[in-house]
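Today I opened the notebook for a look at aromatic rings. Here is the model I worked from.

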Amino acid sequence: MRKRLIFFVVAVALVFGVSVPTIELKTQSNRPFVPVLMYHHLQKEGTFDSKKYGGVIVDPERFEKQMLYLKAAGYHTITLEELRDFVLYNKPLPPKPIVITFDDGYLSNYTYAYPVLKKLGMKAAINIIVSYVPDEVNKQKPSVSVPHFTWEQAKEMSDSGVIEIESHTYDLHGYRSNGFKKIPMVMGPVIINGHLETMEEYRQRLYTDFLRSRKIIKEKIGRAPICLTYPFGAGNKISDEIARKVGFEMAFGIQEGVNYYGDNIMRLKRITVRDSDTGQDIVEKINKLSYGINFVPFLDFVSWRPFLGW
């Protein structure tokens, strides 16, 4: 029926010399792919204003149900090294591979997510803002409103094999003015101490921050991170070059999608998990985003039913 429809529409266009707009018709991709979920903070529903935080704070009980659903649906969590080797070298993966990530390094990741993942035999990566990690829980930076886990807790999670501790920069998780508007601090030169950075100063700032984050994580955890997650997804060619230079092998942004062999390893896609998502919702997002796109001419199919034999 689909071939018949396309043939008919193209024939109409040719015979009558009309131009026809297009719509996207999606067909499932047979190519292997890896979805990567993006979480942030976990907090009990009703104790915060969901809209204020963009709907990305997930209730701990909902998180556990999501993980139970994914496990029952046959998904297997894989490590970042496995994801890297798949994207770069097409190395085989277990059936229905998936990566779970958390951004920022909130204490709730340790309190709620880590025990659930450990119990279910699942893995995840936490991308920490290194300067936000306290030596003790009650010694947070004054500017940090939501508690972050400590280095001791980070090492415990890393040593367990359940959690990978990765970088979300040392201290570039913010916006600053470039003289015209506020931009993510990784995106380009910004005004610092009343002075707009030169391109060389901008590059040096990224280099210093990226390298510092990587060195501190290695010192504290005993393992150097391989992945950089760009704050607000604001990576560019310059940041990619510098990230590779200091030793990062891959990078995440916030573009929605799934990852295939041959994709840009410094532009890996993720899927945002919302506070209202069920496990089924997550699977439906994965299915939707793993569809390839074909283009077919668009017509008012209802009015053409008599000609199509519908």
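Is Phe-102 buried or exposed? I looked it up: at 0% relative accessibility, Phe-102 counts as buried, where buried means under 20% relative accessible area, exposed over 50% and partly exposed in between, with a 1.4 Å probe and protein chains only.

A note on the source: this is a predicted model, where local features need pLDDT of at least 70, side-chain atom pairs count only at pLDDT 80 or more, and totals for chains, interfaces and linings use all residues. Residues are numbered from 1 along each chain as its sequence is written, and side-chain values use heavy atoms, leaving out hydrogens and water.

Next I looked up the ring pairs and found six aromatic pairs in the structure. Rings of Phe, Tyr and Trp (its six-membered ring) pair if their centres lie within 6.5 Å; planes under 30 degrees apart are stacked, over 60 edge-to-face, and the rest tilted.

One of the pairs is Tyr-39 with Phe-102, stacked at 5.2 Å centre to centre with 25° between the planes. Tyr-39 sits in strand S3 (residues 36-39) and Phe-102 in strand S5 (residues 97-104), so this pair ties together parts that are 63 residues apart in sequence. Strands here are DSSP runs of E, at least two residues, and helices runs of H or I, at least four, numbered from the N terminus. I checked Tyr-39 as well: it counts as buried, at 0% relative accessibility.

Then I turned to Tyr-110 and Tyr-114, a stacked pair with 5.9 Å centre to centre and 20° between the planes. Both lie in helix H4 (residues 107-120), four residues apart, about one turn of the helix.
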